[in-house]
Amino acid sequence: MIAFATALEPLRSANRMLGYDAYHWRLASADGRPVRASNGVECAVDTTLEEERRKMSGPERPSMVIVCAGLNVEKYHQKSVFAWLREEYNRGVAIGGLCTGAYVLAQAGLLSNKRCAIHWENLPGFTEAFPKVNVYADLFEVDSNLYTCAGGTAALDMMLKLIGDDFDDNLVNRVCEQVLTDRVRSPTDRQRLPLRARLGVQNSKVLTIIELMEANLAEPLSLIEIADHVGLSRRQIERLFRQEMGRSPARYYLEIRLDRARHLLIQSSLPVVEVAVACGFVSASHFSKCYRELYARSPQQERVDRKQLLAA
């Protein structure tokens, strides 16, 4: 809902600042029925996909179609929607995705060898599901006629770029003042809080080591390799991690690999053995043992519990 609102409101505000309706929009669902957001709010729509197809040859032809998606997008398989998106794109209509909307665009076959952005939480599963897509943990990406953003307030940044392209920075600044934001973030601004703020850690060496770990999950570095990277001894690294993180570097490394594995189990249909390999484990049995110790359930049970939650 945040992404949905922050995509529409800049357009409304731009119209207000201009004094005329430069932007028009309508809401569509596959069957024309209202759509319920994950927060329980139901959104009425104006049209169906069939009606949109008929509008393609008339004066109401859209210049852009934007897909808004949220939780559990990896379970979404609606071929009629995918076909419609391809039809629109092939006729020169720009296509956009808000939050996990990039997943729908990828399912439709629109993102092969294209750059896109998606929410950091969905990045592991997306990468495994669509290896031909160049996905980034950026706020938003524009590749030819395809626009994607990571969701949340990143939708605002993407729409401000569109407004700036259509008009000028003066209008963008006026919209920013209206919606109480003090700047337009660049596409490559980070999605997540910096490690220093996220972990509450101040030691620069520890932060560098954690960045190395997060960048090497499928093929974990040895402690000796990490020590060579940061210019410390193994003993110094062990001591720093005990002081700053309350556990050994090996334990911390294992935990972030298992966290990635959990995201893959929830977001993808990869076999457990492939999840294990993607997270740097040499065998499925070792992976299952470590997973059970941390989460008190097996990887298989994680998937069963997830399916039951979705079915409830």
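Student: Which side chain does R36 meet in a salt bridge?
Tutor: That of E42, with N to O at 3.2 Å. A salt bridge here is a side-chain nitrogen of Lys or Arg within 4 Å of a carboxyl oxygen of Asp or Glu. This is a predicted model, where local features need pLDDT of at least 70, side-chain atom pairs count only at pLDDT 80 or more, and totals for chains, interfaces and linings use all residues. Residues are numbered from 1 along each chain as its sequence is written, and side-chain values use heavy atoms, with hydrogens and water left out.

Student: Is R36 buried or exposed?
Tutor: R36 counts as exposed, at 55% relative accessibility. E42 is partly exposed, at 47%. Buried means under 20% relative accessible area, exposed over 50%, and partly exposed in between, using a 1.4 Å probe and protein chains only.

Student: How many salt bridges are there by that rule?
Tutor: The count comes to 17.

Student: What does E50 pair with?
Tutor: E50 forms a salt bridge with R53, and their closest N and O atoms are 2.9 Å apart. Both residues lie in helix α2 (residues 49-55), 3 residues apart, which is about one turn of the helix. Helices (H or I, at least four residues) and strands (E, at least two) are DSSP runs numbered from the N terminus. E50 is partly exposed at 46%, and R53 is partly exposed at 23%.

Student: Which residues are linked with R53 in a network?
Tutor: E50 and E87 are linked with R53 in a network of salt bridges.

Student: And K55, what is its partner?
Tutor: K55 forms a salt bridge with E60, with the closest N and O atoms 3.2 Å apart. E60 is partly exposed, at 44% relative accessibility.

Student: Switching to backbone. What is the phi of C99?
Tutor: It is positive, about 60 degrees, although C99 is not a glycine. C99 lies in strand β6 (residues 94-99) and is buried, with a relative accessible area of 15%.

Student: Where is S144?
Tutor: S144 is in the loop between β9 (140-143) and β10 (146-149). Its phi is also positive, near 50 degrees, in a residue other than glycine.

Student: Now α9. What span does it reach?
Tutor: Helix α9 (residues 204-215) has 12 residues and reaches 17 Å from its first C-alpha to its last, close to the 16 Å expected. The expected span is 1.5 Å times one less than the number of residues.

Student: What caps the N-terminal end of α9?
Tutor: N203 does, with a side-chain oxygen 3.0 Å from the backbone nitrogen of K205.

Student: Which residues of α9 are buried?
Tutor: V206, L207, I209, I210, L212 and M213.

Note on methods: Polar contact = N/O pair within 3.5 Å; in protein donor to acceptor, adjacent residues only side chain to side chain.
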